[in-house]
Amino acid sequence: MISKLASRTRKKALKKIKPKSPDELSASWIQEDLLYSGKGRALFMILPTIGCSWALSETGGCTMCSYISDSFLEPVDAGEIIEIFDGIISRYELDIYESKNGNIIKIFDGIISRYELEEKTAVKIFTSGSFLNPEEFPQEAVEHILSRLGAMENVEEIIFESRPEYINQEAIARCCELAGDKIVEISIGLETCNEKTRLMKINKGFSNSDFEIAVNTISDLKGDFNVRAKAYILVKPILVSEKRAVEEAISTAIYAEKVGVDRLSFCPSTVHRGTIMEDLWRKGSYRPPWIWSLIEIINRTREKVSVPAIMDTSGFGTSRGPYNCKKCNRDLKNLIIRANLEQTQVPAYECECRSQWLAELKFSETTASTDIKYSEYS
Ligand code: SF4
Ligand SMILES: [Zn+2]
C-alpha cells in the first residue's frame, strides 16, 4: 500500500524535475565537525549519480526523501565524476598556491587556509544513494577517490553512505585497501529500530536483520582494517506522533549501539519536495519535530548511549524543518551545535513555547503528527 503511494508520488515528482548538468548537481563546503579523534573539520562533497536505485525502483523509495530530484537520473560517466571530485579537492588546495602570489588578502587567506589544511579533516562523500552500489557509482570513480584521499596526509576519515544490501566483505575490504590507513566509515540509514515504522511508514525496504548483518560484516573486518559503522536515525517519520518520535529515536540509538555501530547521527525530518511527507504536511497532517523534542532526544541519549551521537541541525527554524518559535530557534540551534562538538548535554533554556510543546507531547497520541496551529486557538 505505502509503496504504491510512494511510487505514484515519485513518478509525479520525477516529471517535474528540471534537468541539470552533473556539474550543477555537485556541491562542496567545509565546516567544523567532530572527528573520532576530537574536534576538527569536515569537507562535505555532493557528487552526482544516476540516483538511488531504491528510489528509482517500483517501490518509489523512502517517504521522506527527495534526493532523487537532485540526481542526474542517467548514468554519470566515471570520468565526469572524477573530474568533479578532482576539481573539489584542488579548489581547497588551490588556496595555498594562490596565496604565494602576493596579494595581501590572498596571503592572509592562504595562511588561514594553510593552517586549516594542516588540521585534521574528515571527508564526507554524499552520492544521494549508495556509494557501494556499482550501478549508482562507477567502480573506477570509487577507486580514484579512495586512493587519492588515502594519499592525503591531513585526511583522517573518509565517510560514505550505503544501504545494507551493498555492504559485503569484499566491497569493504577493497575500499579500505584503497584508503590506506584512513578511517573508513560506512553510514547506514537505519532510521528506526521499529520494523513497522521502517517498512510501513518510511518504506525503507529492509529489516533489522539486514541492518545487523551489514554492521556485523563491518565489525568482522575491524581486525584487519580501520573501518567503522554509523547509523542515521530519522527523527519523526510520517504518521508518528511527537511523543513516539522521541521515544523511538532514543530506543533506536540504544539498539544501534548494541548492534555495534561506532557513531550515531540523528536526522530530524525536513519536508522534501515531491514526497509523501510533503503531501501530508500540505494537508496539515504532518509537522516536523519540535526542537525541544530534539533536545530531549540528545540529552536522554547521552545518558544511555556511549558512542558519539550528533544531531543534524540542517533546516532548523525554517517552515519545512524542525522549529519551536522565532524567539528560540536560533539560540537552541547554536546550543545543539556546541553539544554536538563537545558531546555534552544541551543546557537548560527557557522559552514560553515550551509549554505548547509539553501540551503537544501530552496529547500527541490523539492528534498523531497533525500540525496544531496554536496561534489560531489563543
Ligand atoms: S533515504 Fe536513502 S535509500 Fe531512501 S530513497 Fe533516499 S537515498 Fe534512497
Ligand atoms: Zn520558543
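**Close-up views of a predicted model**

Asparagine 203 sits in the loop between α8 (195-201) and α9 (208-220). This is a predicted model, in which local features need pLDDT of at least 70 and side-chain atom pairs count only at pLDDT 80 or more, while totals for chains, interfaces and linings use all residues. Residues are numbered from 1 along each chain as its sequence is written, chains are lettered from A and ligands numbered from 1 in the order in which they are written, and side-chain values use heavy atoms, with hydrogens and water left out.

**View 1. Asparagine 203 and leucine 239 both have a positive phi****.** Most residues other than glycine have a negative phi. Asparagine 203 has a phi near 60°, and leucine 239 has one of about 60°. Asparagine 203 is buried, because its relative accessible area is 6% (buried is under 20%, exposed over 50% and partly exposed in between, with a 1.4 Å probe and protein chains only). Leucine 239 lies in the loop between β6 and α10 (242-259) and, at 47% relative accessibility, counts as partly exposed. Helices here are DSSP runs of H or I with at least four residues, strands are runs of E with at least two, and both are numbered from the N terminus.

**View 2. Four cysteines hold the zinc ion (ligand 2)****.** The SG atoms of Cys325, Cys328, Cys351 and Cys353 lie 2.3 to 2.4 Å from the zinc ion; donors are N, O and S atoms within 2.8 Å of the metal (3.2 Å for Na, K and Ca), and with water not among the atoms, sites may look incomplete. Angles among the 4 donor atoms run from 102 to 115°, making the site tetrahedral (four donors with all angles between 85 and 135 degrees). Along the chain, the donors follow the spacing C-x2-C-x22-C-x1-C. Cysteine 325 in the loop between β8 (309-311) and α13 (329-342) and cysteine 353 in the loop between α13 and α14 (354-367) are 28 residues apart, so to speak linking distant parts of the chain. Both cysteine 325 and cysteine 353 are buried.

**View 3. Arginine 163 is part of the shell around ligand 1****.** Also around ligand 1 are Cys52, Ala55, Cys62, Met64, Cys65, Ser128 and Lys204, where being near means a heavy atom within 4 Å. Arginine 163 belongs to the loop between β4 and α7 and counts as buried because its relative accessibility is 8%. Leaving out residues up to four places away in sequence, arginine 163 touches Trp54, Ser130, Lys204, Gly205 and Phe206 (contact is heavy atoms within 4.5 Å).

View 4. Beyond its neighbours within four places in sequence, leucine 149 contacts Phe85, Ile89, Val123, Ile125, Val155, Ile158 and Lys182.

**View 5. Helix α7 (residues 169-179) has six named residues buried****.** They are Ala171, Ile172, Ala173, Cys175, Cys176 and Ala179. The buried residues of α7 pack against α6 (139-150), β4 (155-161), β5 (183-191) and β6 (227-235).

Definitions and conventions:
Tetrahedral: all angles 85-135°; square planar, octahedral: opposite > 155°, others 65-115°.
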